[in-house]
Amino acid sequence: MKYQSLPNASLESADIIILPIPHEQTVSGKGGTAGAPQAILEIGDDLEFYEEDAKWSPTKYMKVRVESSLTEYKQITNAITALNIKENQFLISLGGEHSITPQITSSVLDKKSTILFLDAHADMRESYQGSAFSHATPTHHLLDQGHKIVLVGVRSIFENEAIRIAEDKNITFFSDRALQKSKVQEELLSHISNLEGDVYLSIDMDAFDPACVPSVGTPQPGGIDWFLALDILETLFANTNITIKGADIVELIPEASNVSQVFAAKLLQRIISFWGKSQGFDKTEMNGSQME
C-alpha cells in the first residue's frame, strides 16, 4: 500500500510513517473495520496533493512511508518499538478497532502524557462481552498507563463510566450535547491550546455526525462536524508547548458511497499537513515524496 500512489520512502528517510493495523476481533456492532486502512489509503488516490486549509502541498516537502499491515494484537507494541521512530518522525496508525490504541501508546509514550480522545463512547469499561481488551476498554487501559484523558464528543455512556468521569481528576470531559454550544466549543479549544507535555491523538470515526461519516460499527445520533474537527486539529498542532507523539484513526467501516472513507482520508491529509507545518517543513527545500 502507498499514500496517494506516491513512492514509499525508506524508514530512515520518512517524515510521516503510516501504519495500517486492520485488527478486528471484539467489534460488537456492524463489522468490517479491518478493511478500513486499505480503503482509506486507496481513496486517498482521488485527493488533490494541495491542502487548501494550510495552503500548501505537504508531500512536496515531506516523505511518506506506509508500513506493512500489522494484524496480531499482541505484536503491536513490539512491532512499533522495533520501528525505532525518531523524534523528527510522526506515526499515524490506521485501524481497525479502538482496542489498538493502548497497545500503540505503550510503545510511543514513555512518560505520563495526555490523550486527546475523540469518540461517541467513553470506552472506559474494564471488560466488555468477556474481553478485557475490547474496543469498549481503551480509555480504561490508557488511564491505567498513567495518562490524562481529554474525552471529546461522547454521547453514549455506561453509568459506571459516568461516575468515574465525574470523580477522576485525570479525565476532562466535553460531551457532544455540551459541544453544541459555541461557548463550550471555545472552552474545548482553549483547553487544547493550554495543554503541555507529550500528547497523543486518538480519533474514533463514530465521534463524527453520521451525516458526515455514515459507516461505523456503533453509530450514534449527533456528533462532531467537519469544521469543528478542523478547529480541533488546527488548535492542537498550533500548540507550541506540546509534543504530539502520534495519532490513530479507527473504527471506520468502508461503504459503497465512499463518503466515510473520503472523510477519513481528508482527515489523514489534514493531520499530515498540520503536523508538517508545525515542524516548519513548509520552509525547507522541496524534497518530499511528490517531487520523486
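Me: What makes helix H4 mostly covered?

Reply: In this predicted model, six of the eight residues of helix H4 (residues 101-108) are buried. A residue is called buried if its relative accessible area is under 20%. In H4, this applies to Thr101, Pro102, Gln103, Ile104, Thr105 and Val108.

Me: Why is Ile76 called buried?

Reply: The relative accessible area of Ile76 is 0%. The limit for the term is under 20%, and therefore Ile76 counts as buried. Ile76 belongs to helix H3, which covers residues 76-83.

Me: Which residues is Ile76 in contact with, leaving aside its neighbours within four places in sequence?

Reply: These are Ile21, Leu70, Ile100, Gln103 and Ile104. The word contact requires heavy atoms within 4.5 Å. Gln103 and Ile104 are also among the buried residues of H4. As for Ile21, 55 residues separate Ile21 from Ile76 in sequence, while their C-alpha atoms are 8.3 Å apart in space.

Me: Which residues lie nearest the centre of the largest pocket, and what is its volume?

Reply: The volume is about 630 Å³. Of the 28 lining residues, Glu87, Gln89, Thr243, Ile244 and Lys245 lie nearest the centre. At least two lining residues come from each of several elements, including H3, H4 and strand S8 (242-250).

Me: How does the lining of the largest pocket divide by residue type?

Reply: The lining comprises 13 nonpolar, nine polar and six charged residues. Glu and Lys count as charged, so Glu87 and Lys245, both in the lining, belong to the charged group.

Terms used:
Residues numbered from 1 in each chain as written. Predicted model: local features only at pLDDT ≥ 70, side-chain atom pairs only at ≥ 80, totals over all residues. Heavy atoms only, no water. Helix = DSSP H or I, 4+ residues; strand = E, 2+ residues; numbered from the N terminus. Buried < 20%, exposed > 50% of the residue type's maximum accessible area, 1.4 Å probe, protein only. 1 Å grid on protein atoms, 1.4 Å probe; cavity = no way out; pocket = protein on both sides within 12 Å on 5 of 7 lines; lining within 4 Å. Points joined across faces, edges and corners; volume = space filled by probe spheres on them.
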